[in-house]
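Let's take a friendly walk through the charged side-chain pairs of this protein. Have the sequence and the model open as you read.

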Amino acid sequence: QVQLVESGGGVVQPGGSLRVSCAASGSISSINRMGWYRRAPGKERELVAHIFRGGDTLYADSVKGRFTISRDNAKNTVYLQMNSLKPEDTAVYYCNAYILLFGSVRYTDYWGQGTQVTVSS
């Protein structure tokens with residue numbers, strides 16, 4: 001059984017910064033891609049950023065140049081540094097990881113419970 005636990009959300013003013021973290025735990029053999037999605041009020045969940053085990057990254061156009069995704073493979077943890085935050089960044093941010101468990105032959109998507117990020121003046 002895998003758990004993804006996010007932390008670091010909160011309330012910030014426009015132009016401010018936050019770093020959210022997500023730690024995966026369980027009988028993990030390996031993790032391929034890890035990433036962040038978000039769901040803003042009245043909108044569907046959307047991809048924010050992905051990072052693959054080797055370090056390659058993918059960002060949504062709306063966050064390029066402002067957000068940076070990184071990971072610590074030894075700690076099974078992924079981070080999202082969010083700078084120059086805008087009100088439209090307000091959303092619940094969800095951690096996602098594609099994980100192979102010990103004893104399994106198939107990678108499976110796992111999701112965290114989400115952490116609220118609110119950008120408001």
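## A buried arginine and its partner

Arg 38 and Glu 46 make a salt bridge, with 2.9 Å between the closest N and O atoms. Keep in mind as you look at this pair that the model is predicted.

## A bridge between two loops

Now turn to Asp 89, which forms a salt bridge with Arg 66; here the closest N and O atoms are 2.7 Å apart. This pair links distant parts of the chain, 23 residues apart. Asp 89 lies in the loop between strand S8 (77–82) and strand S9 (91–101), and Arg 66 belongs to the loop between strand S6 (57–59) and strand S7 (67–72).

Are these two residues buried or exposed? Asp 89 is buried, at a relative accessible area of 1%, and Arg 66 is buried too, at 11%.

## A pair with an exposed aspartate

Lys 64 and Asp 61 also meet through their side chains in a salt bridge, at 3.1 Å from N to O. Asp 61 counts as exposed, with 66% relative accessibility, because the cut-off for that class is over 50%.

## How the bridges connect

How many salt bridges are there? The count comes to four. Which residues are linked in a network of salt bridges? They are Arg 38, Glu 46, Arg 66 and Asp 89.

Definitions and conventions. Residues numbered from 1 in each chain as written. Predicted model: local features only at pLDDT ≥ 70, side-chain atom pairs only at ≥ 80, totals over all residues. Heavy atoms only, no water. Buried < 20%, exposed > 50% of the residue type's maximum accessible area, 1.4 Å probe, protein only. Helix = DSSP H or I, 4+ residues; strand = E, 2+ residues; numbered from the N terminus.
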